[in-house]
Amino acid sequence: MATKDSTIVSFGSSKTIRLDSLDRFDTCLTGPMHIKASKPIYSYQTPCLDANFNNNAFSAFAVTLSSTEELITESLFSTLDEPDSLNHYVLSAVTKTNAISNFKLNGQQLSNLFAPFPQDSSWSWANVELSKGNYKAQSDSGFHAYQYTWYNIYGKRTLCKAYYARGES
């Protein structure tokens, strides 16, 4: 959703649109996507209605995406033993490619888990499998991160809860 008139939004190299204030554009993305806007936007990720990957179903949830200017340098978070959870926890992290060596989880460098986005190799992402416990994600260069968990609903693994890793900036 655009916050200002005449906002140009690009979805990788495949599509560019113009939005005015409070206009929105809905689309179904099928993989990593570099989204760039000429002015501030609100971007929410929700599963496509027909999304079902690797026997994983997706429930309706939304994640607010932060801008590249809103990177955090540290986040403390916990994974919890929740009822009906499959206790399968994941941390999704995004950082600048030239800074992946600065990203640490509980003091451990995770450079080997990061891969560059195909549409913009200056940014990289990683999905890190987690156990139950307390965590500290940090990078002097800044990062974005989301921690989420899976639930068993109707016999399928279903993504139900996602938390933005908030922290010090």
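This is a predicted model: local features need pLDDT of at least 70, side-chain atom pairs count only at pLDDT 80 or more; totals for chains, interfaces and linings use all residues.
1. Phe77 lies in strand E8, where strands (E, at least two residues) and helices (H or I, at least four) are DSSP runs numbered from the N terminus. At 12% relative accessibility Phe77 counts as buried, a word used here for under 20% relative accessible area, with exposed meaning over 50% and partly exposed the range in between (1.4 Å probe, protein chains only). Setting aside residues up to four places away in sequence, Phe77 touches Leu91, Leu105, Leu130, Gly133, Asn134, Tyr135, Ala137 and Gln147, a contact being heavy atoms within 4.5 Å. The C-alpha atoms of Phe77 and Lys136 are separated by 6.6 Å, although the two residues are 59 apart along the chain.

2. Residues are numbered from 1 along each chain as its sequence is written, and side-chain values use heavy atoms, with hydrogens and water left out.

3. Phe77 also belongs to the largest nonpolar core, which has 17 residues, and it is one of those that touch the most other members, together with Leu91, Phe103, Leu105, Phe114, Val128 and Leu130. Such a core is a set of buried Ala, Val, Leu, Ile, Met, Phe, Trp, Tyr and Cys residues joined through side-chain atoms within 4.5 Å. Two or more residues of this core are given by each of strand E8 (72-79), strand E9 (85-96), strand E13 (120-130) and strand E14 (133-153), and the largest share, four residues, comes from E14. A second, separate core of five residues includes Ala2, Phe11, Ile17 and Leu19.

4. What does Phe103 contact, leaving aside its neighbours within four places in sequence? Its partners are Leu91, Ala93, Gln108, Gln109, Leu110, Phe114, Ala137, Gln138, Ser139 and Phe143.

5. Ser141 is placed in strand E14 and, with a relative accessibility of 33%, counts as partly exposed. Not counting residues up to four places away in sequence, Ser141 touches Leu71, Ala99 and Asn102, and its C-alpha atom is separated by 8.5 Å from that of Ile72, which is 69 residues away along the chain.

6. Val9 has Ile17 in E2 as its bridge partner, and Ser10 stands opposite Thr16 in E2. The hairpin of these two strands has three residues between them, and Gly12 in this hairpin takes a positive phi near 60 degrees.

7. The open sheet here has three strands in the order E2-E1-E3, with antiparallel pairing. Because E2 and E3 stand at the edges, each with a single partner strand, one side of each is left without a neighbour in the sheet. From one strand to the next the twist averages 20 degrees, with axes being lines fitted to C-alpha atoms and angles running from 0 to 180 degrees between N-to-C directions.

8. Ser6, in the segment before strand E1 (7-11), has a positive phi of about 60 degrees although it is not a glycine, and it is partly exposed, with a relative accessible area of 34%. Leu22, in the loop between strand E2 (15-19) and strand E3 (35-37), likewise is not a glycine but has a positive phi of about 70 degrees; Leu22 is exposed, with a relative accessible area of 65%.

9. On the whole protein, there are zero helices and 15 strands, and buried residues make up 34% of the 169 residues. Among contacts between residues at least 6 apart in sequence, 62% join residues at least 24 apart.

10. On confidence, the protein averages a pLDDT of 76, and 67% of the residues score at least 70, pLDDT being the predictor's confidence in each residue, from 0 to 100. Confidence is highest in strand E10 (residues 104-105), at 97, and lowest in strand E15 (residues 156-164), at a mean of 46. Over residues 50-60 the pLDDT is below 50, and this stretch has 25 contacts in the model beyond near neighbours in sequence; over residues 156-169 the pLDDT is also below 50, and that stretch has 66 such contacts.

Notes. Two strands pair if DSSP finds at least two bridges between them.
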